[in-house]
Amino acid sequence: MKNVLIVDDQASIRQIVRLILRKDFALAEAEDAVSALEQIKLLKPDAMVLDVMMPGEMDGYQLCEKIKQDPALADIYIVLLTACGQVADQEKGLALGANAYFVKPFSPVEVSRHLIHALQVK
Amino acid sequence: MTTKLNDSLPPLVLQALWQRSLFGIAAINNEGHVSAVNPIFERCTGLDQAAIMGLTEDDFNLALLATPVRECNRVDVGVEGLSALYYMRVRSSSSSQNTMAVKLSGIAEALREPLASIYGFTELLLTQDYDEETRIDLTSTLLDQIEIMSNLINEQLDVRTLNK
């Protein structure tokens with residue numbers, strides 16, 4: 001089973017993503033970018049569902065950039081999940097190496113379908 | 001900055017300028033006291049007209065220091081009963097519009113968070129099979145998020161909050 005790390009400071013969003021992905025993926029969770037980075041190094045997830053705006057030293061954009069610049073981690077498939085709805089925000093995320101970008105409010109079913117397709121699950 | 005008004009203007013022109021000017025204007029009488037302020041003055045400075053009327057010019061200038069006024073000019077007038085006019089504004093309209101746009105963008109982002117939960121939990125309840133206990137738990141969380149969103153709307157979209 002492929003591993004997905006869910007990173008969001010909002011417990012309710014982590015719960016929604018967990019509920020929709022748990023049938024098809026092994027899941028781990030983090031509520032900020034710094035603890036996510038620790039988990040990434042331990043778990044080497046296949047994909048991440050990553051919030052952009054999080055409190056703490058690093059936001060989702062910075063974490064995404066860090067991962068994509070590290071050759072050992074760059075293959076991780078990153079889905080940005082964010083409340084930043086401007087086109088410029090989306091372009092920034094994709095320019096930093098994110099593989100997909102969902103704006104909140106998002107369809108959990110669509111996120112699940114997207115990841116299943118992207119990771120060629122089933 | 002102090003400049004001299006060379007020619008006296010017709011009363012109707014002065015009246016139109018006074019009423020419709022985009023600037024806040026305060027008049028100083030021959031005794032050196034504030035004798036009148038135009039309609040935009042209070043909005044521009046946040047100062048109460050009643051508190052300003054009758055102040056000496058020095059006290060008036062002190063009062064202006066505590067306001068968001070960015071640009072203030074003094075014009076010597078020298079007409080009967082009037083020695084000078086001050087005109088001022090807080091900020092350019094484009095700057096004000098930018099501030100509002102940034103504020104509204106921030107509110108939109110704040111509202112998207114609970115809205116995402118409401119959308120997400122609703123979709124899960126409609127499309128997935130859960131036992132009764134889980135359904136009740138999810139519905140309860142859904143109601144919590146609706147309350148959070150309602151509070152955000154009440155707090156953030158209040159006219160007084162928007163104008164701060």
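Trainee: What percentage of the residues in chain A are buried?
Mentor: Keeping in mind that this is a predicted model, buried residues make up 39% of chain A, which has 122 residues.

Trainee: And how many of the residues of chain B count as buried, as a percentage?
Mentor: For chain B, which has 164 residues, 17% count as buried.

Trainee: What is the secondary structure of chain A?
Mentor: Chain A has 5 helices and 5 strands, and along the sequence these follow the pattern β-α-β-α-β-α-β-α-β-α.

Trainee: What pattern does chain B follow along the sequence, then?
Mentor: Chain B reads β-α-β-β-α-α-α-β-β-α-α-α, and its secondary structure comes to 7 helices and 5 strands.

Trainee: Switching topic, how many residues does the contact take from each chain?
Mentor: The contact between them draws 15 residues from chain A and 15 residues from chain B. On the side of chain A that touches chain B, helix 1 (11-21) and helix 5 (108-118) of chain A each supply at least two residues.

Trainee: Which helix of chain A gives the most to that side?
Mentor: That is helix 1 of chain A, with 5 residues. Sorted by class, the side of chain A that touches chain B has 10 nonpolar, 4 polar and 1 charged residues.

Trainee: Back inside chain A, what share of contacts join residues at least 24 apart?
Mentor: Counting contacts in chain A between residues at least 6 apart in sequence, 58% join residues at least 24 apart. In chain B, residues 24 or more positions apart account for 44% of the contacts with a separation of 6 or more.

Notes: Residues numbered from 1 in each chain as written. Chains lettered and ligands numbered in written order. Predicted model: local features only at pLDDT ≥ 70, side-chain atom pairs only at ≥ 80, totals over all residues. Contact = placed C-beta atoms within 7 Å. Helix = DSSP H or I, 4+ residues; strand = E, 2+ residues; numbered from the N terminus. Nonpolar A, V, L, I, M, F, W, Y, C, P; charged D, E, K, R; others polar. Buried ≥ 20, exposed ≤ 12 C-beta atoms within 10 Å, placed from the backbone.
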